[in-house]
Amino acid sequence: MIFYELFLRSFYDSNGDGIGDFKGLEEKLDYFKELGVDTIWLLPIMKSPAFHGYTISSFYETNPVYGELKDLKSALRKGHEMGLKFVLDLPINHVAVNSEWFQKALEDKEPYKNWFTWANEKTNLSEKRHWGDDYIWHEIGDKYFYGLFGPGSPDLNFENKELWEEMKKVFKFWLDAGFDGFRLDAAKHIFDYDAKKMVFKYQHDKNINFWKEMLDYVYSVKKDAIIVSEVWDDQKIVEKYEGVFDIGFNFPLSGDMKDSIKKEDTKKFVKSLKNNFSKYIDKENDVETKSGNFLTNHDMQRLISEYEENEDKTKFAYSILFTLPGKPFIFYGEELGLRGELVSVNYTEDSQEPFQWYEIGFGPGQTEWKGYKFNPPYSKVSYEHQKNNSNSMFNHIKSLINFRKENNWIDDASISIISQNESIVKIKINKDSHSIIAIYNFKSSKSLLNVNKNKIIKCYGIYREKSDLIEINGFTTLILKE
């Protein structure tokens, strides 16, 4: 299973308004088949005032800029006929200020007023969240509400069990619409305020109990539902949620992979495997929660911008991603090498520029909701430019996806770290009767290897024969049969 994170607004525009939409998605389903991905993770498509969609004004309506519910159902139905699956990003931790629920709560209407957390005379209104320097209490009229993610995102109060039942209805609504599962945004934040002590505090046990009840219900509606969780924290916290979700994003590994390649540091990479990927190291038992492996997402800087336009490092990073066990995820446009820098998580537009279909930057279906800042016309990051270029980022990613699909046993494999020096990391990837060796050159310089050339299956990079040795270029991955 290979996931593609899609921001619909930036994808394909069917009606000429410059915004990607459901009909545009349906028109371009062939693109996903060509690339080779099989599961589309759609960023929020519910009604929302925000460009990113993560503040929901109605959980039961589609965003009108994307089209009507019938348009969405049509796209999902056609995708299913083509063998694709769809996961909906569902942020239930908070809502939009203009949501009906919150507006009725401001009027003290039942039951909505109890669906949010309000300050009283004992509340410390100067309390700030533990990352950044932002206040968690926000004034509106004569009230203060709790909003950990900012004044545009009033947190829902799940101490109220009525909300649990309401959320079950939300899950069922979108499953009935045709989705195959959910990506659960901010999964550790459902209970992050201690109502008794009146302070911000993660309550992981309460979170886990909540999700177990929600997911039991989801599976009762769709027994094979796909559940992906976002628990953005260090490995000790992530491990608390082991077995609750099908797939959990591996944020520590993501950061370490990028950093180790940037610094050409094999020690950092191996250390991260041991610390953040230990459930796959020399283990034969099945992993309860699969590692969701990724390099970038909608809250992060684009990879090629992270590497200051170094395409070799970018390609190398993806060759590692697609040879590790777990479930690989790719953020839309990364397969073209789209650029994008991130000022802060409060301003992510610059990492979500339009997907470029044409080298000129404009044409039928091209989205134009945002001007090109990092990917102007003739930047060689268009599908048109790259699709027939054998050395392009697109065809590199496509080749890696094809390799992974041909070796889908890797998803549940175990790894053994065979060796590591200043330049090379060598691992064994094993599952039942399947076994391969992956050799990664983390340096920009060439390396000599004592390798039997007849055992080489794939090379992502360049290698050449040197007498009885093999010489590989910098940032090259060599795959061998054992």
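What follows is a short chat about strands, rings and charges.

Q: What kind of model is it, and which pLDDT limits apply?
A: It is a predicted model, where local features need pLDDT of at least 70, side-chain atom pairs count only at pLDDT 80 or more, and totals for chains, interfaces and linings use all residues. Residues are numbered from 1 along each chain as its sequence is written, and side-chain values use heavy atoms, with hydrogens and water left out.

Q: Start with S8. Which way do its side chains point?
A: Gly181 and Arg183 point one way from S8, and Phe182 and Leu184 point the other way. In a regular strand, side chains alternate between the two faces of the sheet.

Q: Are those four buried or exposed?
A: All are buried. Buried means under 20% relative accessible area, exposed over 50%, and partly exposed in between, with a 1.4 Å probe and protein chains only.

Q: How are strands and helices assigned?
A: They are DSSP runs numbered from the N terminus: helices are H or I with at least four residues, strands are E with at least two. Two strands pair if DSSP finds at least two bridges between them.

Q: Which strand pairs with S8 in the parallel sense over four bridges?
A: Strand S5 (residues 85–90) does. Aspartate 89 has arginine 183 in S8 as its bridge partner. S8 also runs parallel to S11, joined by four bridges. There, phenylalanine 182 stands opposite isoleucine 227 in S11.

Q: What does S22 pair with?
A: Strand S17 (residues 434–441) is joined to S22 by five bridges, antiparallel. Isoleucine 439 stands opposite leucine 478 in S22. Strand S19 (residues 456–460) is joined to S22 by four bridges, also antiparallel. Tyrosine 460 has threonine 477 as its bridge partner in S22.

Q: And the hairpin of S20 and S21, how many residues sit between the strands?
A: Two residues lie between the strands, and serine 467 takes a positive phi near 55°. Strand S20 (residues 463–466) and strand S21 (residues 469–472) run antiparallel, with four bridges. Lysine 466 has leucine 469 in S21 as its bridge partner.

Q: Switching to rings. How many aromatic pairs?
A: The count comes to 57 aromatic pairs. Rings of Phe, Tyr and Trp (its six-membered ring) pair if their centres lie within 6.5 Å; planes under 30 degrees apart count as stacked, over 60 as edge-to-face and the rest as tilted.

Q: Give me one.
A: Tryptophan 41 and phenylalanine 329 form an edge-to-face pair, 6.0 Å centre to centre with 85° between the planes. The pair links distant parts of the chain: tryptophan 41 is in strand S2 (residues 39–42), phenylalanine 329 in strand S14 (residues 327–331), 288 residues apart.

Q: Why does tryptophan 41 count as buried?
A: Because its relative accessibility is 2%. Phenylalanine 329 also counts as buried, at 3%.

Q: Which residues make a cluster?
A: Tyr4, Phe11, Tyr12, Tyr31, Phe32, Phe355, Trp357, Tyr383 and Phe394 form one aromatic cluster.

Q: What sits over the ring of tyrosine 135?
A: The charged end of lysine 128 does, 5.0 Å from the ring centre. The criterion is NZ of Lys or CZ of Arg within 6 Å of the ring centre and within 35 degrees of the ring normal. Lysine 143 lies over the face of tryptophan 118, at 5.6 Å from the ring centre.

Q: How many salt bridges does the structure hold?
A: It holds 36.

Conventions: A salt bridge is a side-chain nitrogen of Lys or Arg within 4 Å of a carboxyl oxygen of Asp or Glu.
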